[in-house]
Structure formats: C-alpha cells, structure tokens
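Here is a short briefing on salt bridges. Look over the sequence and the model before reading on.

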Amino acid sequence: MFETPYVIRNFKKLINYKDIASDNSLIDEAKRLKICQNTSVRFDSNSYFKNDLHKIIVKKKNAYVFKDIENKIIERALLKNIKKTYKIKVKSRESIVSVLISLLKENCPYSIHRFDIIKFYESFNVEEIKKYFLRERNISGQSIGILDQLFKEFSRVGALGLPRGLASSSILSEVIMQDFDTKISRLVGVYYYARFVDDIIIVATPEVHRKTLETFFSSNLPPGLKFHKNGEKRYFKSIGKTKDHSGENIKDRSAFDYLGYNFVPFHYENENDGFLELHRRSVNVDLAESKIQKIKKRIMASFFAFFKKDGKSKFFKKKLLENRIKYLTSNYYLFDPSS
C-alpha cells in the first residue's frame, strides 16, 4: 500500500480557500505553517479529535462539526488516503440525471425501480466499519489509528452511526457501500444502477422483478441498513415497447420523481436523435412538485424577512432580497471555495 505521509508539507496542502475565507489570518503563510506544525505535534502525540466534535442542527437533524482547524486537517489527510486507496468517485446529480434521461428514451421495454434507504448515515454500524478496515488492511496502521480516534469521538458525543455534517461520514459510507453497488450493477438484466447517497434508481429488463430486487437488498445491504418498503420513496413500473406513431400527448401513470426531478416516459416516439436519424421514446422532464413547493416556501420566507422590522437598513434588505430571488428563480452558479 502507498499512502501520503502525515507530515507538515502535506498538511499545508490541505488548508483550502474556504478556511482562508472564514479566517483572514490564514492569508499569512507563516500562520498557515504554524497551524501545520501544531497539527503535526497533535498527530505525533496522538491528541487529535478529542473533545472537539460539536453538535449543530441542519434541516431539523443533528449534525456535527470539528471546531479546530488542526482536527479538520487530520481528517482531510485521512480521507485523502482512503479515497485514493478505494478509488472513491461520487457521482454528481447532474451526471446521474443526464444518463437516466438518455436511457429512458430507449424504445425497448424496460422496468424502473426506485429505492430509498432509511436514515442512511445514522443506520451504519460503526463497529462493523472498524472490522471492515481491519479485515481489508488496505490502509496503513496509522490511518486505522486515526479512524479509531474518530470513532471514539463519535461515541463521546453520542452520535448515531456516521454523524451528518462530517466529510468522513460521506467517504466512509461510500467505501462500505462499494461492494453492494458492484453486486447490484452486475445483476443479470440491470441496464443501469445509480445511487446518490441513500436514493437508488435502477433501469432493468422487464424480467427483473421487484421482489427479486427487494430480496437482494435485504440480504446484501451493509449491517444496520434497511430500505423503505412503501410510500413515496418507493417506485416500480414496467414500461412497454414504444409505438410507431406519435399518438396523443397524454400523461400516464409512468411518472416518477428522482433527485428533485419528475420523469414521464411515454409509450410513443416523437424525437429524432439528429445523428443516426433514429426515433426515440418521448420523455418529459420537469421539476418535482416537492421541489417546486420548497422553492415557493423559500421565496415567501425571503419576502417575510424583507418586511420584518429588525433595524437593518432598507438598502441592505433590498439587495439581500434581490440576491435571494435571483438564486431561487434562476440557474445561479455557486463556486465551491474548497476546489
């Protein structure tokens, strides 16, 4: 195995723009060096992570963050090695939706299956994760030691499973789900499998039955994880072969929601691919109703904040309202300061 060493020169590379934006003193290179030296001392003395994990509330759920930048750097160094070793590449919403649309346009018959895992992060068994890394031995003893310290801190704050809010929870869950993802994607009859955190979509041949997948999920999901067996977060539909003529543009019961979008594959062709002159299935894609309602609520909240008497200047509140509306109602690009 080859890992990036846990030393000062590598710690320096892990201080990102987001850190500098939240603490202007980090613009000074000498200050960044001092922090990395402190990080190295903490690492060598095995005194990192201890009593630094703090609870916050995000979307009415418990989440946790490290306060000290030294602990954040050590966590990032660990995750960099894990991502490199296990070749972790998280699919983006955009890439999943793009591929899904392309597949839904195929003329052949297929079945669509959507699953959702209950309380994804909270349901992971931390002891089983620890056993997994000890059994695999793909990362160094140093990295396993960092993981052990991390899990002890999870236990100290009483966090369930993998705590929300931490980058480590996202990466560790992806590592543990790798085997499951591979098995599902290799099942006979599965055209396409994608998972975005806890939300799963499968496009398969009509011969792949819902019960077959449910049985497979039950026996192959990592310990502690279960999927919703009914409700809005479950979907199954068998889509037949397209007709040769357009027919009427009538919305049928094939509609389903996934990742904030509503997909409606129709039973007729009306699209030419423009390259091979092949006709493709008509598929309508729009925002999901739940997403629309969420945007409406945020627009209303923006106006309520504007009219609220809170002592802030009219100019500031007007500019803030304009920015909020622009963000909520248009394709407003956000740049990731860490990259």
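**Salt bridges in a predicted model**

Glu153 and Arg156 form a salt bridge, with their closest N and O atoms 2.8 Å apart. A salt bridge here means a side-chain nitrogen of Lys or Arg within 4 Å of a carboxyl oxygen of Asp or Glu. The structure holds 17 salt bridges. This is a predicted model: local features need pLDDT of at least 70, side-chain atom pairs count only at pLDDT 80 or more, and totals for chains, interfaces and linings use all residues. Residues are numbered from 1 along each chain as its sequence is written, and side-chain values use heavy atoms, leaving out hydrogens and water.

- Glu153 and Arg156 both sit in helix H7 (residues 141-156), three residues apart, about one turn of the helix. Helices (H or I, at least four residues) and strands (E, at least two) are DSSP runs, numbered from the N terminus.
- Glu153 is buried at 4% relative accessibility, while Arg156 is partly exposed at 42%. Buried means under 20% relative accessible area, exposed over 50%, and partly exposed in between (1.4 Å probe, protein chains only).
- Asp179 pairs with Lys183 in a salt bridge, the closest N and O atoms being 3.4 Å apart. Both lie in helix H8, four residues apart, about one turn of the helix.
- Asp179 is partly exposed at 47%, and Lys183 is partly exposed at 36%.

- Arg195 and Glu174 meet in a salt bridge (3.0 Å, N to O). Arg195 is in strand E4 (residues 190-196) and Glu174 in helix H8 (residues 167-185), 21 residues apart.
- Arg195 is buried at 8%, and Glu174 is buried at 13%.

**A network**

- Salt bridges link Glu127, Lys130, Asp148 and Lys152 in a network.
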